[in-house]
Amino acid sequence: EKSLKSTVQTRVRDYIKAHGIKQKFIADAIGLDQKTTSAIFTGRRELRADELMDICLAINVSPDYFCKTE
């Protein structure tokens with residue numbers, strides 16, 4: 001079973017993809033280079049809590065949306 005952390009990371013990636021949000025926009029919003037941001041979205045690097053918060057602020061979505069457990 002996937003951990004909540006990896007589930008949240010997948011939900012964020014899927015949301016961004018589904019809404020046509022560019023990785024460059026996310027990278028700029030959270031202050032990371034595109035290579036690191038790409039690593040987050042491909043699962044090679046873990047998404048940190050502070051980065052999740054910055055992404056949520058940038059795309060105007062509550063962190064609860066990605067963190068719900070049902």
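**View 1. Ala18, an exposed residue of helix H1.** Ala18 has a relative accessible area of 65% and is therefore exposed (over 50%; buried means under 20%, and partly exposed lies in between, using a 1.4 Å probe and protein chains only). This residue lies in helix H1. Helices (H or I, at least four residues) and strands (E, at least two) are DSSP runs, numbered from the N terminus. Asp50 is 32 residues away from Ala18 along the chain, and 23 Å separate their C-alpha atoms. A note before moving on: this is a predicted model, where local features need pLDDT of at least 70, side-chain atom pairs count only at pLDDT 80 or more, and totals for chains, interfaces and linings use all residues. Residues are numbered from 1 along each chain as its sequence is written, and side-chain values use heavy atoms, leaving out hydrogens and water.

**View 2. Gln9, a buried residue of helix H1.** Helix H1 also holds Gln9. Is Gln9 buried or exposed? Its relative accessibility is 10%, so Gln9 counts as buried. Leaving aside residues up to four places away in sequence, Gln9 touches Ile40, Gly43, Arg45, Glu46 and Leu47; contact means heavy atoms within 4.5 Å.

**View 3. The largest nonpolar core.** This core has 15 residues. A nonpolar core is a set of buried Ala, Val, Leu, Ile, Met, Phe, Trp, Tyr and Cys residues joined through side-chain atoms within 4.5 Å. Among those with the most contacts inside the core are Val12, Ile26, Phe41 and Phe66. Helices H1 (4-18), H2 (23-30), H3 (34-41) and H4 (49-59) each supply at least two of the core residues. In soluble globular proteins, nonpolar side chains tend to be buried together.

**View 4. Phe66 and the residues around it.** Which residues does Phe66 touch, not counting those up to four places away in sequence? They are Val8, Arg11, Val12, Tyr15, Leu52, Cys56, Ile59 and Val61.

**View 5. Stepping back to the whole chain.** The protein has five helices and zero strands. With a radius of gyration of 11 Å (taken over C-alpha atoms), close to the 11 Å from the globule rule (2.2 Å times the number of residues to the power 0.38) for 70 residues, the protein is as compact as a globular protein of that length. Its C-alpha atoms fill a box of roughly 30 × 25 × 20 Å along the principal axes. Of its 70 residues, 30% count as buried.
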